[in-house]
Every structure is written in structure tokens, then in C-alpha cells.
Amino acid sequence: MIEDPILRAFDRLVERHGKRRLVASEEQDATVDELSCLADSVSDLATASGVPNHGIVALAATNGPGFFGGYIGLRKAGHTVLLVDWPMPEAALEKTLRALGAVGALIVSEPWPESVSYT
């Protein structure tokens, strides 16, 4: 397995500062531990989907914990993350996925998602 410096740094952050607030808005905040749980959920869904590791997976997400959790989770699942504009029209997204050989997409429409879904 290739060592991932972003995941290594995030794991250190979880170990040392899990209760620290990492993302905040006027209405809500999310701790390092909460974002780690969201990333784990994304990783579990991506792995369970049967999509091969090391494939390109698009991430279209609004700003917020959903973006952060999606990005870290896809990397944990072994994917190369292709960042695409939010909201990208479906036809343009499909064309981009085909052109770049992407194996899937994670669409995060809520900045503060209650759950995640993977396609």
C-alpha cells in the first residue's frame, strides 16, 4: 500500500486533537472526531460498492464537512479523487467521468450531511 501523507497527517490530528472543532459555521460546528466518522462512512460505502481501489472517483460537494469527509473517505478507500464543480450538470459530469476513466462519483449536496451515498 502506498503511504498517503494527507491521511497520515489527518490520523495524527485525530489522535492528538479529536475533540477539537475543525469546521464551523454560524449555525453548526464539527469536531475532528465527527469528520473522521463521516470519512469512515464514505470509505466503508466506497469499499462496499465493489468499485476497484486506485480508481478515479469524482467528488462534487458543497463547502463544509461533507466535502472534507468525502475527500478523506475516498482517499481512505484507495481512490484518486477528481474534484468537480458543484453543481455540475449531470450530462457534463457523465461526459467528464467517461473522458477520464472514472469508476464512480460521490455527490454531496448538503454541506452538513446526516449521511452519505455513493454511486
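Visitor: Is the crossing of α1 and α2 left-handed or right-handed, and what makes it so?

Guide: The crossing of α1 and α2 is left-handed. A crossing gets that name if the near helix is turned anticlockwise from the far one by less than a right angle, and it is right-handed if clockwise. This is a predicted model, in which local features need pLDDT of at least 70 and side-chain atom pairs count only at pLDDT 80 or more, while totals for chains, interfaces and linings use all residues. Residues are numbered from 1 along each chain as its sequence is written, and side-chain values use heavy atoms, with hydrogens and water left out.

Visitor: What makes α1 and α2 oblique to each other?

Guide: Their axes come within 9 Å and cross at roughly 135°. Axes are lines fitted to C-alpha atoms, for helices over the stretch in contact, and angles run from 0 to 180 degrees between N-to-C directions. Under 35 degrees counts as roughly parallel, over 145 as roughly antiparallel, 65 to 115 as roughly perpendicular and the rest as oblique. α1 and α2 are therefore oblique.

Visitor: Which residues make the contact of α1 with α2?

Guide: Phe 10, Leu 13, Val 14 and His 17 of α1 meet Val 32, Asp 33, Leu 35 and Ser 36 of α2, where contact means heavy atoms within 4.5 Å. By class there are five nonpolar, two polar and one charged. Ala, Val, Leu, Ile, Met, Phe, Trp, Tyr, Cys and Pro count as nonpolar, Asp, Glu, Lys and Arg as charged, and the others, Gly among them, as polar.

Visitor: Why are α2 and α3 called oblique?

Guide: The axes of α2 (residues 32–48) and α3 (residues 65–76) cross at roughly 50° and come within 7 Å. α2 and α3 are therefore oblique to each other. The crossing of α2 past α3 is right-handed. The residues of this contact comprise nine nonpolar, six polar and two charged.

Visitor: How do the axes of α1 and α3 lie?

Guide: They come within 10 Å and cross at roughly 115°, and α1 passes α3 in a left-handed crossing. Among the residues in contact are Ile 6 and Leu 7 of α1, and Tyr 71 and Arg 75 of α3. The classes are six nonpolar, no polar and three charged.

Visitor: How do you know that the reach of α1 is close to the expected one?

Guide: The expected span is 1.5 Å times one less than the number of residues. Helix α1 (residues 5–17) has 13 residues and reaches 18 Å from its first C-alpha to its last, close to the 18 Å expected.

Visitor: Which peptide bond is cis?

Guide: The bond from Trp 86 to Pro 87 is cis, with omega near -15°. Pro 87 sits in the loop between β4 (80–83) and α4 (90–100). Helices (H or I, at least four residues) and strands (E, at least two) are DSSP runs, numbered from the N terminus.
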